[in-house]
Amino acid sequence: MMDQHLDFEQPIYTCLEKIEELKKAVPAPENLSGQLNQLQIEAEKETAKIYKNLSPWQKVLVARHPNRPHTIDYINNVFDGFEELHGDRLGDDDKAIVGGMAFLDEYPVVVIGHEKGRETEERVARNFGMPHPSGFRKANRLMELAEKFSLPLITLIDTPGAYPGVKAEHSGQHEAIAKSLEVMSDLRTPIVNLVIGEGGSGGGFGIGLADTVAMLEYSIYSVASPEACASILWRTTENAEQAAEALKLDASNLIKLEVIDKVVNEPVGGAHRNHQETYQIVKDFFLNELLALSKISLDDLTAKRYEKFMKIGS
Amino acid sequence: MNWIKDLIPNIKRNFSQTLGDKDSKVPEGLWRSCDRCGSILYIPELKKSSYVCSKCSHHFKINVEQRIEVTFDKDSYVDLNQHEEFKDLLDFKDTKRYKDRFSEAKKKTSSDEAISIGHGKIKGKHVVSAIFEFDFLGGSMGGVVGKRFAQAIDYAVENKLPLICFSTSGGARMQESMISLFQMGKTAAAVKKLKKSKLPFISVLVDPCYGGVTASLAMLGDLIIAEPKARIGFSGKRVIQDTVKEELPKDFQTAEKQLEMGFVDKIVDRKDIRKFFEKMLIILE
């Protein structure tokens with residue numbers, strides 16, 4: 001995978017470059033391993049320091065980092081035996097939302113998430129993770145299967161937002177999202193939601209009404225993307241950085257505001273730096289949540305879910 | 001006769017506020033011109049015709065007070081709004097502070113939030129209502145709007161009454177970011193509760209109606225009604241235009257197009273809506 005680094009990560013890469021230089025140096029300097037060790041520690045310290053103090057805008061950049069794991073990566077590495085299920089049964093299969101059945105350890109679950117795609121061709125096919133109404137309708141169909149067969153539901157959010165296009169409007173983006181929220185509000189099975197990257201607006205939340213609403217440490221969640229917010233309130237996208245501050249879109253702010261239930265910590269330096277560790281953390285998180293939720297009766301579960309959303313902002 | 005001179009600008013101001021008048025070329029006082037066809041209309045007559053132009057059927061933008069006046073039986077409406085302290089949990093500031101925008105909206109509209117809930121009678125039938133005020137921060141849905149909508153539903157369920165909601169909104173309120181986004185969940189969950197109680201919910205879409213409001217409570221009615229020519233959609237037209245970079249169809253996001261695509265049950269003229277409600281409430285009771 002191409003190593004794409006963000007501007008503010010430069011001090012980390014400066015250390016790493018020094019390490020590479022030292023390794024190549026002829027003749028090898030005295031005490032090479034000691035020096036390498038020292039630099040390695042320095043690089044780790046820099047990483048920890050930088051990631052401890054990220055600004056909201058820097059978190060936006062991390063949330064969109066090209067090496068950050070996507071829904072399909074989690075599906076393939078956190079779950080076993082994923083079987084993708086296609087189509088809304090109304091004439092379309094939206095590739096911006098993937099869903100199907102899988103095992104989390106030995107437990108069968110339904111998992112649904114936005115997928116942005118990796119390479120250009122795939123990104124276009126998946127519409128950069130921006131769903132059409134058929135995506136939400138497919139998701140709903142799978143949610144209802146989850147309820148019917150008593151399978152817990154796991155949803156992963158990673159989208160800039162629902163697609164703003166003519167076809168999307170004509171096929172009822174408003175109705176599809178509204179319906180999805182209505183279905184989730186009373187679905188009689190445990191629902192765990194994790195924002196893994198970008199939680200953009202109704203297109204994100206459309207699959208996010210859950211018993212546990214959680215965010216990865218460096219993911220973002222907001223009513224509109226910082227660019228859209230800036231364009232509406234400042235009349236120019238140039239103020240996106242300010243908008244990101246104002247929107248309090250990062251996990252640490254949203255947990256303080258009691259809008260989300262949990263923050264899932266990422267490996268030092270972000271999920272893009274250590275995929276395997278991220279998968280393990282996410283897997284443990286899902287297992288713990290499902291274990292806790294499975295102890296609650298379905299009546300209590302849906303009642304608690306209802307109460308939770310009633311409390312937000314009142 | 002100085003008092004008349006003093007009064008006239010006041011009267012004019014009052015009418016401009018209620019009817020959203022732009023500087024009309026019409027004689028001051030009791031007349032105003034139609035925003036669409038320009039016909040000169042006698043205001044008492046306009047009121048009698050539910051603020052619909054007698055020449056071209058243009059539905060004037062009306063505020064909560066006027067909506068109550070044209071919808072409910074005379075003197076039957078009781079306000080159910082509870083007083084809410086203004087909260088700015090995000091301490092939001094763009095080019096202006098949220099709290100300043102909020103107080104301006106209060107002054108501009110004589111409403112205290114972008115939604116008002118109440119209980120009244122339509123042709124003798126009791127109903128609970130929720131009415132959006134577009135001029136209050138674009139009818140945007142923040143925490144209090146969601147809360148009031150849910151309270152209207154609680155009241156409807158407790159008293160076994162139908163709910164009618166008139167939605168006109170730009171969507172979720174930017175200044176409350178995630179708190180407003182999650183109001184979509186709150187209102188959708190509340191509608192589900194109403195539906196489980198088998199009480200009717202009639203959603204009326206009023207120009208303009210967009211974003212987080214259509215994508216939650218407004219599109220969840222048992223019946224979804226639109227006023228003629230209302231603009232209805234999810235994404236704003238400008239955003240779509242910037243994305244697709246092509247001319248949008250002329251009837252794009254109109255009530256008529258929504259009807260054609262199957263997203264509204266019926267377009268009902270404001271003058272006929274009381275009769276429509278009466279009939280439906282008899283059937284759905």
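By salt bridge I mean a side-chain nitrogen of Lys or Arg within 4 Å of a carboxyl oxygen of Asp or Glu. K308(A) sits in helix α14 (residues 298-311) of chain A, while D261(A) is in the loop between α12 (251-256) and β8 (262-264), so this pair ties together parts that are 47 residues apart in sequence. Over all chains, the whole structure has 42 salt bridges.

A quick word on ground rules. This is a predicted model, where local features need pLDDT of at least 70 and side-chain atom pairs count only at pLDDT 80 or more, while totals for chains, interfaces and linings use all residues. Residues are numbered from 1 along each chain as its sequence is written, chains are lettered from A and ligands numbered from 1 in the order in which they are written, and side-chain values use heavy atoms, with hydrogens and water left out. Helices (H or I, at least four residues) and strands (E, at least two) are DSSP runs, numbered from the N terminus.

Now, where do the two chains meet? On chain A, 47 residues are in contact with 54 residues of chain B, contact being heavy atoms within 4.5 Å. About 4,300 Å² is buried between chain A and chain B, and carbon and sulfur atoms give 72% of that. Buried area here is the accessible area (1.4 Å probe) that two parts lose on being put together, summed over both.

Next, a helix pair inside chain A. On the α4(A) side we have D73(A), Y74(A), N77(A) and V78(A), and they meet α13(A) residues including Y279(A), V282(A) and F286(A).

What does UniProt say? Its unreviewed entry lists "domain: CoA carboxyltransferase C-terminal" for residues 40-292 of chain A. Over that span the chain is 45% helix and 19% strand. For chain B, an unreviewed entry places "zinc finger region: C4-type" at residues 34-56. The end C-alpha atoms of residues 34-56 of chain B lie 9 Å apart. Do keep in mind that UniProt annotations may be inferred rather than shown by experiment.

Last stop, some backbone details. V26(A) and P27(A) are joined by a cis peptide bond, with omega about -5 degrees, and P27(A) is in the loop between α1 (10-24) and α2 (32-52) of chain A. Chain B has a cis bond from D207(B) to P208(B), omega near -20 degrees; P208(B) belongs to strand β7 (residues 201-209). Finally, K123(B) is not a glycine, yet its phi is positive, about 50 degrees. You will find K123(B) in the loop between β4 (115-122) and β5 (125-132) of chain B. Thanks, everyone!
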